[in-house]
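Please keep the sequence and the model in view while reading.

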Amino acid sequence: LTDVSHFQLSYNQLSNSVPTELGQIVELTAAILSHNKFTGKTPSELGQLRKMSSYFNFYSNQLCDDVPTQVQALSSSVTGWQVTTGNSFGTVCGWIEDERFPGAGSTSA
């Protein structure tokens, strides 16, 4: 799979973590994995996608924590950077919002 240039798997109800192996697809210029049910942290291995230039879409999943610096560095070369919308970046992974304590999961002061 190292010669794949476009990877589109949106709207498939994929779950669990984003596979770290995606960072090994060295020719990848577009990764579209929006509207799934991926959870956990964004793998820092995705920062190895140096040819990423057209789409990096991971919005509308259930990703948390912060986008790794290595991955954020790709944003300056990607024309279709859509990562944060519909995710819980800035929220500690594993946090469960409890309706008995409204706003307890909020990260704002």
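His35 sits in the loop between strand 3 (30-32) and strand 4, where strands (E, at least two residues) and helices (H or I, at least four) are DSSP runs numbered from the N terminus. The model is a predicted one, in which local features need pLDDT of at least 70 and side-chain atom pairs count only at pLDDT 80 or more, while totals for chains, interfaces and linings use all residues. Residues are numbered from 1 along each chain as its sequence is written, and side-chain values use heavy atoms, with hydrogens and water left out.

**Loop residues**

- His35 has a positive phi of about 55° although it is not a glycine, and at 26% relative accessibility His35 counts as partly exposed, a class that lies between buried (under 20% relative accessible area) and exposed (over 50%), with a 1.4 Å probe and protein chains only.
- Gln13, which is likewise not a glycine, has a positive phi of about 55°; Gln13 belongs to the loop between strand 1 and strand 2 and, with a relative accessibility of 60%, counts as exposed.
- Ser10 is found in the loop between strand 1 (6-8) and strand 2 (15-16), and Ser10 counts as buried because its relative accessibility is 13%.
- Leaving aside residues up to four places away in sequence, Ser10 touches Ile32, Leu33, Ser34, His35 and Asn36, a contact being heavy atoms within 4.5 Å.

- Four strands, in the order 2-4-6-8, form an open sheet with parallel pairing, and strands are taken to pair if DSSP finds at least two bridges between them.
- Strand 2 and strand 8 (88-89) stand at the edges with a single partner strand each, so one side of each is left without a neighbour in the sheet.
- Strand 2 and strand 4 run parallel and are joined by two bridges; Asn16 has Phe38 in strand 4 as its bridge partner.
- Strand 4 (residues 37-40) also pairs with strand 6 (residues 62-65), again in the parallel sense and over two bridges, and Thr39 has Gln62 in strand 6 as its bridge partner.

**Disulfide**

- What does a search of the whole structure find by way of disulfides? The search finds one, the criterion being a pair of cysteine sulfur atoms within 2.5 Å.
- The disulfide is formed by Cys64 and Cys93, whose sulfur atoms are 1.9 Å apart.
- Cys64 lies in strand 6 and Cys93 in the segment after strand 8, so the pair ties together parts that are 29 residues apart in sequence.
- The torsion about the S-S bond of Cys64 and Cys93 is about 110°, and the disulfide is therefore right-handed.
- Cys64 is buried, with a relative accessible area of 8%, whereas Cys93 is partly exposed, with a relative accessible area of 26%.

**Nonpolar core**

- The largest nonpolar core has 19 residues, of which Val18, Leu46, Leu49, Met52, Phe56 and Phe58 touch the most other members; such a core is a set of buried Ala, Val, Leu, Ile, Met, Phe, Trp, Tyr and Cys residues joined through side-chain atoms within 4.5 Å.
- When residues up to four places away in sequence are not counted, Phe58 touches Val18, Ala31, Leu33, Ser34, Leu46, Leu63, Gln82, Val83 and Asn87.

**Chain as a whole**

- The chain has one helix and eight strands, and from the N terminus on its elements run β-β-β-β-β-β-α-β-β.
- Of the 109 residues of the chain, 35% count as buried, and among contacts between residues at least 6 apart in sequence, 62% join residues at least 24 apart.
- The accessible surface of the chain comes to about 6,600 Å², and 50% of that surface belongs to carbon and sulfur atoms, the areas coming from the Shrake-Rupley method with a 1.4 Å probe.

**Confidence**

- The chain averages a pLDDT of 87, and 85% of the residues score at least 70, where pLDDT is the predictor's confidence in each residue, from 0 to 100.
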